[in-house]
Structure formats: structure tokens, C-alpha cells
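Open your viewer, load the model and keep the selection panel handy. We will go from stop to stop, and at each one you get something to select and something to look for.

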Amino acid sequence: MNAHEIDYHIYGEEMQYVEIELDPQEAVVAEAGTFMMMDSDIKMDTIFGDGSNQDNSVLGKMFSAGKRLLTGESLFMTAFLNIGQGKKQVSFASPYPGKIVPIDLSEKGGKFICQKDAFLCAAKGVSVGIEFSKRLGRGFFGGEGFIMQKLEGDGMAFVHAGGTMAKKTLAPGETLKVDTGCIVGFSQTVDYDIEFIGGIRNSVFGGEGLFFATLRGPGTVYVQSLPFSRLASRVWAAAPRGGGKDKGEGSILGGLGDLLDGDNRF
């Protein structure tokens with residue numbers, strides 16, 4: 001498998017985007033909805049699956065596209081091909097505040113495992129597939145279910161981490177315990193399982209769920225401080241209810257506090 005060799009530059013701090021430079025006839029594939037801007041000589045095309053060309057038969061293309069349904073993604077991806085004479089740029093934006101993480105698959109043994117919605121874009125030729133959990137407990141309680149995404153090949157791929165990203169390099173046998181939703185991805189040499197937190201008070205009143213993930217080295221682990229599910233739940237909790245009034249968050253006086261601090265709109 002030989003993916004296209006692409007150059008890139010990541011811009012921004014909290015709301016990042018990655019600009020990818022394509023030589024003539026080079027291409028990049030991306031998830032729908034991540035496109036930001038491109039030069040005029042780049043051709044955009046919607047394709048089945050990931051365009052990795054592992055199997056060019058009709059059945060192979062259908063199987064490649066069908067795998068994406070199991071991860072909750074669309075059947076289609078978008079390919080951007082440079083049909084011009086010189087170098088051209090195409091850019092992709094992160095979906096919410098966080099960091100874009102470049103992954104060189106040739107340095108990861110040709111495979112990287114990530115959560116289902118972490119993938120942003122990759123050089124054409126990189127295979128975006130599914131990784132089934134072989135452990136029943138991890139499948140039921142691991143936060144990502146039986147299925148995670150796997151990126152395979154020898155090219156560059158880009159994943160997104162919410163909030164601040166932490167990169168941990170684990171020695172053989174070294175274990176890291178992580179909230180299940182905070183995992184971005186890890187190299188294929190890392191052993192991933194879930195563990196019961198234990199204790200009635202921790203389980204009932206701790207507010208952190210019943211399980212956390214255990215990641216055992218050797219290998220590299222990427223952890224995010226703000227999973228999208230956590231961000232969405234906080235936004236939903238603070239959203240106005242019944243008549244459009246908010247919850248007075250930030251003040252022990254509630255709505256009266258809003259009048260005192262200047263938020264006196266009706």
C-alpha cells in the first residue's frame with residue numbers, strides 16, 4: 001500500500017485547520033463536512049468508502065463503504081485531486097475547539113486505532129476501516145462499543161482531539177487509566193481494556209461513570225480533555241427551558257443574579 005505523499009501545515013490555536021499541499025495528481029480524502037477552502041485547480045469528487053483502492057471490484061467498493069456504516073459515518077467520503085500543473089492547497093477545519101493531530105502511519109507500524117468520530121482527513125491510499133473489540137466487557141462498557149476506527153497504510157492521516165491534547169508514551173507494561181470518552185486514539189501495540197471503578201460511593205455519587213479505560217504499553221496514546229459528548233451535554237444542560245429563560249448559571253441568585261450582573265434582557 002502506497003499512499004500519496006502530502007505536505008501540510010496546521011494553523012490556529014483553539015479552532016485549528018490543516019492546509020494540505022498537493023502536487024499534480026496527488027489527492028486527499030476527508031470526512032463530509034470538514035472542507036474549508038481550496039485552490040481553483042483542485043477537483044472535488046464524492047466516492048464510496050475511503051478510496052484506498054484495496055479492492056477495485058464493485059463488491060469490494062460496496063464492502064468498503066458498508067464498513068463505514070458500522071462506525072456511524074456516511075457511506076461516502078470526499079476526495080480532492082490536484083488536476084493543475086503546480087502545487088495546490090486544500091484546507092480542512094476542526095469541527096469544534098481542540099487540536100488537529102498529524103499521524104504518520106509509517107511510524108505507527110502501518111496502523112492506528114482511534115475513536116469513531118476522530119478522523120478528519122488523510123492522504124489518498126490510507127484505508128479507513130473498523131476495529132472490532134474482541135472483549136465483551138470493552139464492547140458493552142468501553143464508551144465506544146465494539147467498534148472503533150482503524151487507519152491503515154503508510155501515509156499521513158489527521159485526527160481531531162477536543163480541548164487540549166495529551167500525548168503519552170507508555171513503556172512495556174506501563175498502564176494509564178483514562179475516562180472512556182477522553183481517548184482519541186492509540187498505536188496498535190497498546191492493549192486496551194475497561195475496568196470497574198469500584199466502591200459504592202464512587203459508582204453512585206462520583207459522577208464519573210462506572211468504568212474507565214486501562215491502556216497498557218508499549219505504545220503511544222492520545223488523550224483529549226474535552227470529548228464532544230461532554231461538551232454537548234454541558235451545552236444542553238445550560239440551554240433555556242420552557243419560555244426561553246436560562247438557568248441562571250454562574251449565580252447563586254439565579255434569574256435575580258442576571259438582573260444584578262447586567263443580563264437583564266426579557
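**Before you click**

This is a predicted model, in which local features need pLDDT of at least 70 and side-chain atom pairs count only at pLDDT 80 or more, while totals for chains, interfaces and linings use all residues. Residues are numbered from 1 along each chain as its sequence is written, and side-chain values use heavy atoms, with hydrogens and water left out.

**Stop 1: the whole chain**

Switch to cartoon view. The protein has five helices and 19 strands; helices (H or I, at least four residues) and strands (E, at least two) are DSSP runs, numbered from the N terminus. Of the 266 residues, 43% are buried. Here buried means under 20% relative accessible area, exposed means over 50%, and partly exposed is in between (1.4 Å probe, protein chains only). Among contacts between residues at least 6 apart in sequence, 76% join residues at least 24 apart, where contact means heavy atoms within 4.5 Å.

**Stop 2**

Select residues 7-11 and 17-22, which are β1 and β2. These strands pair in the antiparallel sense over five bridges; two strands pair if DSSP finds at least two bridges between them. Show Ile 10 and you will find its bridge partner, Val 18, in β2. Five residues lie between the strands of this hairpin, and Gly 12 takes a positive phi near 95 degrees.

**Stop 2: an enclosed strand**

Now select 119-123, strand β10. Five of its five residues are buried, so β10 is largely enclosed by the rest of the structure. Which strands does β10 pair with? One is β3 (residues 27-30), antiparallel over three bridges, with Ala 30 opposite Cys 121. Another is β13 (residues 156-162), also antiparallel and joined by three bridges; here Phe 119 stands opposite Val 159.

**Stop 3**

Zoom in on Ile 20: leaving aside neighbours within four places in sequence, its contacts include Ile 6, Val 28, Val 90, Phe 92, Cys 121 and Phe 158.

**Stop 4: salt bridges**

How many salt bridges are there? The count comes to six, a salt bridge being a side-chain nitrogen of Lys or Arg within 4 Å of a carboxyl oxygen of Asp or Glu.

Select Glu 13 and Lys 99, whose side chains meet at 3.8 Å, N to O. Glu 13 lies in the loop between β1 and β2 and Lys 99 in strand β8, so this pair ties together parts that are 86 residues apart in sequence. Glu 13 is exposed at 52%, whereas Lys 99 is partly exposed at 24%.

Next, pick Lys 87 and Asp 23, with their closest N and O atoms 2.6 Å apart. Lys 87 sits in the loop between β6 and β7 and Asp 23 in the loop between β2 and β3, 64 residues apart.

**Stop 5: a buried lysine**

Go to Lys 108, in the loop between β8 (98-104) and β9 (111-114). Lys 108 is buried yet has no salt bridge, and the nearest side chain of opposite charge, Glu 107, is 6.1 Å away (Lys and Arg count as positive and Asp and Glu as negative; His and the chain ends are not counted). What does the side chain of Lys 108 make a polar contact with? The partner is the side chain of Tyr 222, at 3.3 Å. A polar contact is a pair of N or O atoms within 3.5 Å; within protein, one must be able to donate a hydrogen and the other to accept it, and residues adjacent in sequence count only if both atoms are side-chain atoms.

**Stop 6: two glycines**

Gly 109 is exposed, with a relative accessible area of 59%. Finish at Gly 84, in the loop between β6 (76-82) and β7 (88-93), which counts as buried at 9%. Gly 84 is in contact with Pro 24 and Asp 41, leaving aside neighbours within four places in sequence.
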